[in-house]
Amino acid sequence: MAAVARWALLLLLGLALLAPAALAADNKEKDKGKEKEKEKEKEKDKDKDKYPPPPYHTPPPPPQVPSPPPPIASYPPPPIVSSPPPPVVVSSPPPPLPPSPVPVPPSPSSNVVSCENTAAYPTCTAPATCPKRCKQSCHMDCETCKPVCDCNLPGAVCEDPRFIGGDGNTFYFHGRRGRDFCLLSDADLHINAHFIGSHVPGAGRDPTWVQAIAVQFSGHRLYVGARRTAAWDDEADRLAIVFDGAPVEVQGVANARWEAPSSPLSVTRTKAANGVVVELAGVFKITANAVPITVEDSRAHNYGLRGGDCLAHLDLAFRFYSLTDDVHGVLGQTYRSSYVNRLDVSARMPVMGGERDFAASGLFATDCPVARFARGRSVDALVVAADELTGVECSTGLGGVGVVCKK
């Protein structure tokens with residue numbers, strides 16, 4: 001074994017000595033090959049110098065031939081597939097619309113009047129404005145189709161108060177403020193008036209106006225009055241009406257009508273507020289308008305108007321259809337055929353005196369000295385709305401004849 005190892009070691013040493021000599025011989029052969037290649041390259045360069053290459057020309061571009069359009073690919077149409085019909089939608093009916101409100105015509109102005117009986121007077125349909133001198137107390141005369149001042153007709157009781165008698169003559173009856181006086185008394189009809197007024201220091205008399213009337217007929221009793229108010233508003237109704245103790249409610253529109261359930265009495269508004277016509281068929285027709293005393297009126301006539309009370313009162317126009325010749329009262333006597341006017345009609349303000357003859361003990365009392373109503377009849381006590389007769393007490397008096405109202 002040791003001999004084999006020795007020989008192997010000697011072999012490896014021999015190979016190691018022979019390897020560099022072999023590499024050196026190989027490198028010499030490679031160097032000779034490179035020298036031959038260099039000599040060939042030199043020979044080629046000599047040939048190029050003897051025969052130069054021909055000139056180079058850029059070839060012309062080929063002609064442009066339009067390329068044909070690309071073929072259009074045709075595709076077979078898609079098969080028609082019948083779609084099912086759309087479902088039928090049954091629309092539900094729309095909800096009913098709420099009824100539209102009926103337009104309410106605006107309330108006419110307090111000084112605009114029109115003819116009520118257009119059936120008998122078809123050419124008188126247009127409204128008209130009251131004259132300035134009676135802008136709150138006038139009506140339309142359908143025959144002439146013109147506005148007429150209620151205070152200028154026979155039977156008028158207006159202003160301070162100024163009367164126009166049944167004979168057509170004008171006179172004044174001042175009475176006293178806070179007192180009641182008999183305007184008309186007949187066998188079946190009695191009308192009293194309550195006077196209000198203001199006190200003017202140093203004046204010969206206190207100015208007065210009619211604030212309310214009490215009408216009695218056939219066992220019925222009617223009250224028409226102007227409510228007390230501090231400031232006046234044409235659109236606010238200040239009329240109070242009571243029939244047989246029950247307030248009369250009339251709708252606040254022109255021509256609204258109320259009829260009594262137990263009597264042929266009717267109340268019709270001439271305008272939306274502060275104007276009515278009270279009518280008892282065949283007996284009377286009373287036009288009543290509630291009006292104030294304005295600051296201008298007070299200044300012009302020295303009425304002494306004070307704040308807190310505009311002295312609302314009534315402008316009245318009476319028409320009577322069945323009076324007897326025995327009728328009496330401040331106004332009633334002027335309808336008698338035997339009446340003789342002893343006043344100075346040429347005077348600027350003819351004044352009728354005789355307050356004692358026409359004074360009544362209460363608004364519904366029939367005890368004035370010239371009374372002609374309910375003689376020997378039993379009259380029950382009258383109930384009037386408390387807010388209309390504040391501080392007034394009414395009871396049966398005079399042995400059962402009449403009603404006594406006292407403050």
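Predicted model: local features only at pLDDT ≥ 70, side-chain atom pairs only at ≥ 80, totals over all residues.
Reader: What makes Cys-115 and Cys-142 a disulfide?

Author: Their sulfur atoms are 2.0 Å apart, and a disulfide requires cysteine sulfur atoms within 2.5 Å. The pair therefore counts as a disulfide. The structure holds five disulfides.

Reader: Why is the disulfide of Cys-115 and Cys-142 called right-handed?

Author: The torsion about its S-S bond is about 110°, so the disulfide is right-handed.

Reader: Which parts of the chain does the pair of Cys-115 and Cys-142 tie together?

Author: Cys-115 lies in the loop between β1 (112–113) and β2 (128–129), and Cys-142 in the loop between β3 (138–141) and β4 (146–149), so the link ties parts that are 27 residues apart in sequence. Both cysteines are buried.

Reader: Is the link of Cys-151 and Cys-158 right-handed or left-handed?

Author: The angle about its S-S bond is -90°, and the link is left-handed. The sulfur atoms of Cys-151 and Cys-158 are 2.0 Å apart. Another left-handed link is that of Cys-130 and Cys-138, with -75° about the S-S bond.

Reader: How do you know that Cys-151 and Cys-158 are buried?

Author: Cys-151 has a relative accessibility of 7%, and Cys-158 has a relative accessible area of 1%. Buried means under 20%, so both residues qualify.

Reader: Why is the pair of Phe-181 and Phe-195 called edge-to-face?

Author: The ring centres of Phe-181 and Phe-195 are 5.1 Å apart and the planes stand at 65°. Centres within 6.5 Å make a pair, and planes over 60 degrees apart make it edge-to-face, so the label applies to these two rings. The pair links distant parts of the chain: Phe-181 is in strand β8 and Phe-195 in strand β9 (residues 190–197), 14 residues apart.

Reader: What other ring does Phe-181 pair with, and what is the geometry?

Author: Phe-181 also pairs edge-to-face with Phe-173, with 5.5 Å centre to centre and 80° between the planes. Phe-173 is buried, at 0% relative accessibility, and Phe-181 is buried at 1%. Ring pairs join these residues into a cluster that also includes Phe-163, Phe-171, Phe-195 and Phe-358.

Reader: How do you know that Asp-180 has no salt bridge?

Author: The nearest side chain of opposite charge is Arg-179, 6.3 Å away. A salt bridge needs a distance within 4 Å, so Asp-180 has none, although this residue is buried. Asp-180 belongs to strand β8 (residues 180–185).

Reader: What makes the approach of Asp-180 to His-194 a polar contact?

Author: The two side chains come to 2.7 Å. The distance limit is 3.5 Å, so the value falls inside it. Outside its sequence neighbours within four places, the contacts of Asp-180 include Ala-193, Phe-358 and Leu-363.

Reader: Are Asp-244 and Leu-311 buried or partly exposed?

Author: Asp-244 has a relative accessible area of 36%. Leu-311, at 7%, is buried. Asp-244 has a positive phi of about 50° without being a glycine, and Leu-311 has one of about 55°, also without being a glycine.

Note on methods:
Residues numbered from 1 in each chain as written. Heavy atoms only, no water. Helix = DSSP H or I, 4+ residues; strand = E, 2+ residues; numbered from the N terminus. Buried < 20%, exposed > 50% of the residue type's maximum accessible area, 1.4 Å probe, protein only. Lys, Arg positive; Asp, Glu negative; His and termini not counted. Polar contact = N/O pair within 3.5 Å; in protein donor to acceptor, adjacent residues only side chain to side chain. Contact = heavy atoms within 4.5 Å. Phe/Tyr/Trp six-rings, centres within 6.5 Å; stacked < 30°, edge-to-face > 60°.
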